[in-house]
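Subject: Structure handover

Hello,

Here is the structure I said I would pass on. Please look through it first, then read the notes below.

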Amino acid sequence: MTGGYEESDDIHLDAYCLAHKNINGSDVIACVTRCLGYGIRFSGNLVVGTSGDHEGFSIAANSLYEKLKSYIESKYENSYKAKTLKLWLPGYSRTAAIANVLSYMILGEKKLDIENKNVFTYAVATPYCLTKEHSIDFPNVFNLVSEADVVALVPPAVWGLGRCGKDKIIYRSNSDSYTEHKQTDKLQFSDFASVTETYSYTSVLDGYLKELDPELEYPAFGIHKSSWLEYADGTSSTPSENTPYYTTEREMVDWVLSLVMEKDGTATGGYSLKTRELYASTVQEYVSYAIKLFFENTDAFASLAEDLKENPLVLISKWMMNADGLYDSIKEYLGKKSATYDDAKLKSTCTALLQMIDMAGQNGCLTDATLKILTLALNKDNSDLKRVFLHHLPEIQYVLIKNYTE
């Protein structure tokens, strides 16, 4: 076994492990990259590039390919030449994309002389990472993906990216997957009653999780209410409802993506996620830097997040009323932790992020998209965003794979 476990300041280079075992007379090499705890490498996920395969994932896959090639040449040249060498390429999330790109490099670009039947890729929650042209249906390359997992749906498919191999859908987010729950509360007064019906939904996943751990609480989805007054004469008022914009988790993910992608940059200082080219040329640098800064200073941002949770309106108002409000806030929290950072880069990044959502931008207000997402995120009675983010966790993916029957 060999591997590189040392930490690197490069946002694209992952720790990896290469191991070998002889199985039924065949040399099998496992080529594995670190699936969790990769810190600043998360920012490499956001380096998509203007064209071609996903730039960040491709850099990581190329680096891993060089290590794999050297490993084969130094130890297993005979079985490689005899065409009996087999490869096992697993991955989850970021490293699922790396495994997928590496699979294409080996099977599509023929960088290694190994046949399709001898390359086995099992990628879980695979992001889109290859151009449509390179998204070839290789027989033993599998992407185990959920329709409700946002990571498996980004970068947005409309940017022209896909995956090679076969998609195996381990969870289908449709109406048949959900069970509706209704709770009615009635408050009686002398001459009328106030009635509230609260609706929420659970899915087959909730049942799977209870089997795994009966004490586990997974947040309900799509909580909404309908309220009205019932009068003594038998009449009632028109119900007041706060129905969500979506009915399934997949619809919710699509809705959020459509919101953040709707601006062409005209009203947001030029910054836009509408197309891949616009994203790469206007947003990518700043978003990637922001994520890298976050993982380098998690304590400082955890403190900021706590204060934002406790006093959202105070902080958001500060950011809206002052063009440097966000920059000043982050600088303050970084200073409390004695963090080192590029001040000019931080300021330009904060300016870009604010203009993307139009706070302190050209209009000095929140865009409609930002308001809708913030309302969803800050609503304590709504757990939909939390549920969708939890859906990507490896424990959830494990339960879905465990119950996958195809």
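A125 sits in the loop between β5 (119-124) and β6 (130-131); helices (H or I, at least four residues) and strands (E, at least two) are DSSP runs, numbered from the N terminus. The phi of A125 is near 60 degrees, a positive value in a residue that is not glycine. A125 is buried, with a relative accessible area of 0%. Buried means under 20% relative accessible area, exposed means over 50%, and partly exposed is in between (1.4 Å probe, protein chains only).

Before going on, note that this is a predicted model, in which local features need pLDDT of at least 70 and side-chain atom pairs count only at pLDDT 80 or more, while totals for chains, interfaces and linings use all residues. Residues are numbered from 1 along each chain as its sequence is written, and side-chain values use heavy atoms, with hydrogens and water left out.

Backbone

Most residues other than glycine have a negative phi, and most peptide bonds are trans. N24, which is not a glycine, also has a positive phi, of about 55 degrees. N24 is found in the loop between β2 (16-23) and β3 (26-33). With 79% relative accessibility, N24 counts as exposed. The peptide bond from V154 to P155 is cis, with omega near -10 degrees. P155 belongs to the loop between β7 (141-146) and β8 (161-162).

Salt bridges

A salt bridge here is a side-chain nitrogen of Lys or Arg within 4 Å of a carboxyl oxygen of Asp or Glu. The whole structure has 20 salt bridges. One of them joins the side chains of K83 and D113, at 2.5 Å from N to O. This pair links distant parts of the chain, 30 residues apart: K83 is in the loop between α2 (77-81) and β4 (86-92), and D113 is in the loop between α3 (94-107) and β5. K83 is partly exposed at 38% relative accessibility, and D113 is partly exposed at 48%.

E285 and K345 form another salt bridge, with their closest N and O atoms 2.5 Å apart. E285 lies in helix α7 (residues 284-296) and K345 in helix α11 (residues 343-356), so the pair ties together parts that are 60 residues apart in sequence. E285 is partly exposed, with a relative accessible area of 46%.

K331 and D343 also meet through their side chains, at 3.6 Å from N to O. K331 is in helix α10 (residues 325-336) and D343 in helix α11, so this pair ties together parts twelve residues apart in sequence. Salt bridges that share partners also join D206, E249 and R387 into one network.

Aromatic rings

Rings of Phe, Tyr and Trp (its six-membered ring) pair if their centres lie within 6.5 Å; planes under 30 degrees apart count as stacked, over 60 as edge-to-face and the rest as tilted. There are twelve aromatic pairs in the structure. F189 and F192 form a stacked pair, 4.8 Å centre to centre with 25 degrees between the planes. The ring centres of Y246 and W255 are 5.6 Å apart and their planes are at 45 degrees, so that pair is tilted. Y246 is buried at 5% relative accessibility, and W255 is buried at 12%. Ring pairs link Y178, F221, Y245, Y246 and W255 into a cluster.

Charges over rings

A charge sits over a ring if NZ of Lys or CZ of Arg is within 6 Å of the ring centre and within 35 degrees of the ring normal. K111 lies over the face of Y65, at 5.4 Å from the ring centre. K336 lies over the face of Y333, at 4.6 Å from the ring centre.

Regards
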